[in-house]
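Please keep the sequence and the model at hand while reading.

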Amino acid sequence: MTGTDVDVLILGAGSAGYACALRAAQLGLSVTLVEEAKVGGTCLHAGCIPTKALLHAAEVADAARDASSFGVLATLDGVDMAGVHAYKDGVVARLFAGLTGLVRSRGITVVEGRGTLTGPREVTVVRTVDGEQERTTLTGRAVVLATGSAPTVLPGIEVDGTHVLTSDEALRLDRVPTSAIVLGGGVIGCEMASAWRSFGAEVTIVEAAPSLLPAEEPSSSAALARAFRKRGITSRTGETFQSVKRSDDGVAVTLEGGEVLEAEVLLVAVGRRPATAGLGLEDVGVATERGYVTVDERCRTSVAGVHALGDIVPGLQLAHRGFAQGIFLAEELAGLSPAPVVEETIPRVTYSHPEVASVGLTEAAARERYGDDAVQTQTYDLAGNGKSQILRTSGHVRLVRRVDGPVVGVHLVGERVGELVGEAQAIVGWEAHPEDVAPLVHAHPTQSEALGEAHLALAGKPLHVHG
């Protein structure tokens, strides 16, 4: 069976794919989306949304546990994971219904099945109907690859869904584990460690790098490690995994050097790999590197007419990056010549307790780029911020600027600071100087004042700052 030729044929309906589809349809282009699972992809069904719902439930558990310190008489009697999943799945279901309705309203055709690139502008879709395989060949004037990513599993580890898990299985776990070893101290590992600890589990993080969240500003990583330590989360940084053995009631993890750690579950959170295997890329001549599709700044692959977006191209594996790239490419295909997405201005948030957020360069990266004498930093402690004291959170705002120039990096640690990163992105993206931001009036009492205070200090007129 052969499908109708369309303007844009998109393989993968996750964040990048469906954003491209929605914007392309909005611009009057005909669009077909090919998706093997559900529209919305990992972010909506097995990533961003369910994880953050789980973390919010964990926040509620912490609030109940600590209620008496606020004069509220309440107790935490336990965590009903069936109820947590019902809440989490309800959030996902509502967003999924809204998204599918939006896709339908834009006149976008959704084809269910496993798609393979079988020509420069051709995708063959295979699906099983009544026990038999059905093949459909689709063509488009432009083909967009947006098949996303999947959890990475180290050699020698066999995921069983009961005691050895990836984030996929962890989000569906029907119980709170009594104890957990989290292999990997990146974003996923720190978020799941935080949630499980709030639910009552004993948690140990094993990270090969010298710090948690190794891609973040070192002061942010150190602040998170201190907060985790106070919460009873053990961080074994600079430690390398060697092997794991399963038993009927748990796992035994051996580190290099021979030390053995035991727990009920092992969460493998060592990153995500691009989901490009079996797509037929090599047959068509699409260049890849370590599984990632190589593209230029305009999302063009090595084959004319074939483009790639999101987690399958090198860079930050973030849903909002996928959204931005999808919108960019749709406008590019419509002939609008949009400005490319700038990787450095994409915000990053780890939704642990406390949160870590950032945008732009770390101090080390700025000094490497501009020189040691050309970089200036400023740290504002949240101890001086009224709303942060109300929330009983510690943390800081750290700014990195070029001397007599713009702010090139903003780094945040504390409860709810992910909500501040939008302003931080505007500051970095628009190359604002501290003197540009300092006069802006931030509402009191809000945590956003901390951003204003940091810029006041960096502009040479500190307010609620000692020294």
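A residue is called buried when its relative accessible area is under 20%, exposed when it is over 50%, and partly exposed in between, with a 1.4 Å probe and protein chains only. This is a predicted model, in which local features need pLDDT of at least 70 and side-chain atom pairs count only at pLDDT 80 or more, while totals for chains, interfaces and linings use all residues. Residues are numbered from 1 along each chain as its sequence is written, and side-chain values use heavy atoms, with hydrogens and water left out.

Helices (DSSP runs of H or I, at least four residues) and strands (runs of E, at least two) are numbered from the N terminus. Met81 belongs to helix α4, and its relative accessibility of 8% is why it counts as buried. If contact is taken as heavy atoms within 4.5 Å, Met81 touches Leu54, Leu173, Asp174, Arg175, Val176 and Phe199, leaving aside residues up to four places away in sequence. Met81 and Leu412, by comparison, are 331 residues apart in sequence and 31 Å apart in space, C-alpha to C-alpha.

His85 is also placed in helix α4, which spans residues 81-105, and it counts as buried because its relative accessibility is 12%. With the same exclusion of residues up to four places away in sequence, His85 touches Leu171, Arg172, Leu173 and Asp174. A polar contact is a pair of N or O atoms within 3.5 Å; within protein, one must be able to donate a hydrogen and the other to accept it, and residues adjacent in sequence count only if both atoms are side-chain atoms. The side chain of His85 reaches the backbone oxygen of Leu173 at 2.6 Å.

**Salt bridges**

Side chains of opposite charge can pair when their charged atoms come close. A salt bridge here is a side-chain nitrogen of Lys or Arg within 4 Å of a carboxyl oxygen of Asp or Glu, and by this rule the count comes to 25.

| Pair | N to O distance |
|---|---|
| Arg416 and Glu59 | 3.9 Å |
| Arg300 and Asp296 | 2.7 Å |
| Arg369 and Glu344 | 2.3 Å |

Arg369 lies in helix α10 (residues 363-370) and Glu344 in the loop between α9 (319-333) and β20 (348-350), so that this pair links distant parts of the chain, 25 residues apart. Arg369 is partly exposed at 46% relative accessibility, as is Glu344 with a relative accessible area of 32%.

For the salt bridge between Arg416 and Glu59, Arg416 sits in the loop between β24 (407-414) and α12 (421-429) and Glu59 in helix α3 (residues 48-65), so the pair ties together parts that are 357 residues apart in sequence. Arg416 is partly exposed at 41%, and Glu59 is partly exposed at 37%. Glu217, Glu363, Arg367 and Arg398 are linked in a network of salt bridges.

**The second largest pocket**

On a 1 Å grid over the protein atoms alone, a pocket is an open set of points where a 1.4 Å probe fits, with protein on both sides within 12 Å along at least five of seven lines, and lining residues have an atom within 4 Å of a point. The second largest pocket is lined by 37 residues, of which His353, Pro354, Leu391, Arg392 and Glu415 lie nearest its centre. The largest share of this lining, eight residues, comes from α3.
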